[in-house]
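Hello,

The structure is below, followed by notes on what was found in it. Please read the notes alongside the coordinates.

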Protein chains: 2
Amino acid sequence: MAKKGSKKQAPKKAPALRELLRIPPGGEVDLSSYDPEALPAGPKKKADGLAETTLMGERLADLQERLYAASTGGDRRRVLLVLQGMDTSGKGGVVKHVIGLFNPSGCRIRAFKKPTPEELNHPFLWRIVKALPEPGEIGIFDRSHYEDVLIARVRELVPRSQLGRRYGQINRFEQSLAEDGVTVVKIFLHISAEQQQRRLLERLDNPDKHWKFNPGDIEERALWPAYQESYEIALERCSTDAAPWFLVPSDRKWYRNWAISKLLLEHLEALDPQYPKADFDVDESRKRLLAG
Amino acid sequence: MAKKGSKKQAPKKAPALRELLRIPPGGEVDLSSYDPEALPAGPKKKADGLAETTLMGERLADLQERLYAASTGGDRRRVLLVLQGMDTSGKGGVVKHVIGLFNPSGCRIRAFKKPTPEELNHPFLWRIVKALPEPGEIGIFDRSHYEDVLIARVRELVPRSQLGRRYGQINRFEQSLAEDGVTVVKIFLHISAEQQQRRLLERLDNPDKHWKFNPGDIEERALWPAYQESYEIALERCSTDAAPWFLVPSDRKWYRNWAISKLLLEHLEALDPQYPKADFDVDESRKRLLAG
C-alpha cells in the first residue's frame with residue numbers, strides 16, 4: 001500500500017487489514033509469537049466491533065450483488081473463503097455471523113467432515129473441486145483440503161512421502177483457481193489452548209450445547225502441540241502470492257467477526273465488480289411493456 | 001385450531017396464519033377471487049410488518065438451531081420451503097429477507113432454472129430429489145418441480161397425457177417426503193399483473209437492475225391468463241393434507257416477507273424440535289477436560 005504518484009501530502013491511510021494479517025509467503029511461522037487476544041487494527045472495544053461489523057453488512061451485501069450481477073454478464077470472478085482452526089475456534093460462528101450478512105442465495109457453503117468411503121476412493125482434492133463456488137458466488141469452506149495436511153499429518157493417515165507431496169498439489173490447485181478468477185481467502189482462526197478449554201467447558205455446562213460436544217474433542221486437544229506444528233507447516237508452505245493465508249486472532253469472538261468481515265470487504269472492494277450493461281434495447285422493452 | 005377441553009372462557013386466539021392462507025385440499029381455486037393486496041392477518045402497516053419480521057428472526061434462528069441439533073441425535077425431520085410465483089413476484093426477495101434471518105449453514109438453497117440437457121434426460125423429479133434438504137436442514141426451492149406443470153403446460157413442452165400424470169406423481173412424491181419427516185411448505189406468491197408491470201418497469205428504469213431483466217419476460221407476461229390457469233390447476237390438484245399450498249398476497253413486499261416468516265415460524269413451532277440429550281458422561285468429560 002505504498003503511496004503512489006503525487007508528492008503532495010496525502011492523508012495518512014491505515015494499512016489494509018489484509019496486509020497486516022497476511023502470512024508473508026516464504027517466511028517461517030511460529031504460532032506462539034502471535035497473541036490470540038491481539039487487536040492489530042480496527043475497533044478496540046466489543047461494542048464498537050459489533051457496530052462496525054453490522055455497518056459493514058450493507059456494503060458487503062451490495063458488493064456481493066454486484067459480483068453476482070457481473071457473472072450474468074460473463075464475469076467469471078468469485079470468492080472462496082476457507083476457514084480453518086482448532087475445535088471451538090469459531091468456524092461455525094463466522095458462518096452464522098459474518099456470512100449471515102450476505103444474501104444467502106449467492107453463498108455456497110460446504111462443511112467438510114471426515115471423508116466418506118467414496119471420498120477416500122478419490123484423490124483428496126476430488127470432493128473439494130465439487131464444492132467450488134460458481135462465477136458470481138461466495139464460496140465458504142468450513143474446513144477444507146487443508147485437513148488433508150493437518151489431521152492427516154497428526155494422525156499419520158497417509159505415508160509421509162504422500163503427505164509431503166500434498167503441499168505442492170495444494171499450491172498448484174490454488175494457483176489454478178486464482179487463474180480461473182477465484183479470489184481465495186484462507187483464514188486461520190488463532191485461539192489459545194486456554195480459550196479452547198473455556199469454550200469446551202461452556203458446552204459441557206449448558207445442556208443445550210451438549211450436542212456440540214464430542215468426547216473425542218478431548219483426545220484431539222491432547223494433540224494440541226502437534227496440531228499447532230502442522231498448522232505452522234501448512235501456513236509456511238501454502239501461503240502464496242496467488243492464495244495467501246491470513247491469521248486472525250480469535251480469542252475474542254467479536255474481533256474475529258469484525259476482522260473477517262473487513263478482510264472480505266477489502267477483497268470485494270479490490271475486485272470492484274460492476275453491474276453489466278443491458279444487452280437489449282431498454283427503450284424498446286419499455287414501450288412493449290407499457291403496450292402489453 | 002378449535003378450542004379443546006376446558007369450558008372456561010379462554011382468551012380468544014387468532015386462527016393460525018397457516019389455516020388462513022392454506023388452499024383447502026379438494027376445492028376449486030379461482031385466483032381472481034384473491035386480492036394480491038390483502039392483509040388477511042397480522043400487521044396492517046409497513047413499519048409494523050418490518051419490525052415484527054425482524055423480531056421473528058431470533059425465534060426462527062433458535063428453532064432452526066434446535067432442528068439441526070435434533071438431527072445430530074437421530075431426528076430426521078426437516079423443512080422444505082417451495083417458492084412459486086410469476087416473474088417479479090418476489091421469490092428472490094424472500095430468500096434474501098426471510099431466509100436471511102436463518103443461520104446460512106443450515107439452509108440448502110436451490111434455484112431451478114430451465115432444465116439442462118442432462119436434466120431433461122431424466123424424469124422431471126430427478127433434479128428435485130438431488131436438491132432435497134438433509135435432516136435438520138431448511139431446504140429452499142426457488143421454483144421447483146411445479147415448473148413441470150406450469151411453464152410445461154403453458155408452453156406445451158410435453159404431451160398433454162404426460163402432463164396429466166405429473167400431478168399425481170407430484171402428490172405421491174410429496175406424500176413420501178412427508179412420511180420421511182419432511183415438512184413441505186409450498187407458497188404461491190400472488191401478485192397482480194399491474195404490480196408485475198410496475199416492477200418490470202422499475203428494473204428498466206434503473207441501470208443497476210438491467211441484469212435482472214430479460215426481454216423474454218415480456219413474452220411470458222403476454223401469457224398471464226394461461227399461467228394463472230395453470231397455477232389454479234396446480235393449486236387445486238396438489239394442495240393435499242400431506243403438503244398443502246399456501247397463497248400469500250404479495251403485492252406488498254413487507255407483507256409477503258412477514259407472512260412467510262410467520263408461516264415458517266408456525267411450522268417450526270409445531271415441529272417443536274428438542275436439543276438431544278448427551279450420549280456421553282458429562283461429568284467424566286468435564287474432569288478429563290480440566291485435567292488436560
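**A tryptophan in chain B**

Leaving aside residues up to four places away in sequence, B:Trp224 touches B:Met86, B:Ile191, B:Ser192, B:Ala193 and B:Gln196 (contact means heavy atoms within 4.5 Å). B:Trp224 counts as buried because its relative accessibility is 13% (buried is under 20% relative accessible area, exposed over 50%, partly exposed in between, with a 1.4 Å probe and protein chains only). The residue belongs to helix H10 of chain B, residues 224-238 (helices are DSSP runs of H or I with at least four residues, strands are runs of E with at least two, both numbered from the N terminus). B:Val154 is 70 residues away from B:Trp224 along the chain, and their C-alpha atoms are separated by 9.6 Å.

**Basis**

This is a predicted model, in which local features need pLDDT of at least 70 and side-chain atom pairs count only at pLDDT 80 or more, while totals for chains, interfaces and linings use all residues. Residues are numbered from 1 along each chain as its sequence is written, chains are lettered from A and ligands numbered from 1 in the order in which they are written, and side-chain values use heavy atoms, with hydrogens and water left out.

**The two copies**

**The interface**

Between chain B and chain A, about 3600 Å² is buried, and carbon and sulfur atoms give 67% of that area (buried area is the accessible area, 1.4 Å probe, that two parts lose on being put together, summed over both). On the chain B side, B:Pro104, B:Trp211 and B:Leu289 lose the most area to chain A, together 20% of what that side buries. In contact terms, 38 residues of chain B meet 38 residues of chain A.

There are four salt bridges between the chains (a side-chain nitrogen of Lys or Arg within 4 Å of a carboxyl oxygen of Asp or Glu). B:Arg286 and A:Asp205 form a salt bridge through their side chains, at 2.9 Å from N to O. H12(B) gives the most to the side of chain B that touches chain A, with six residues.

Regards
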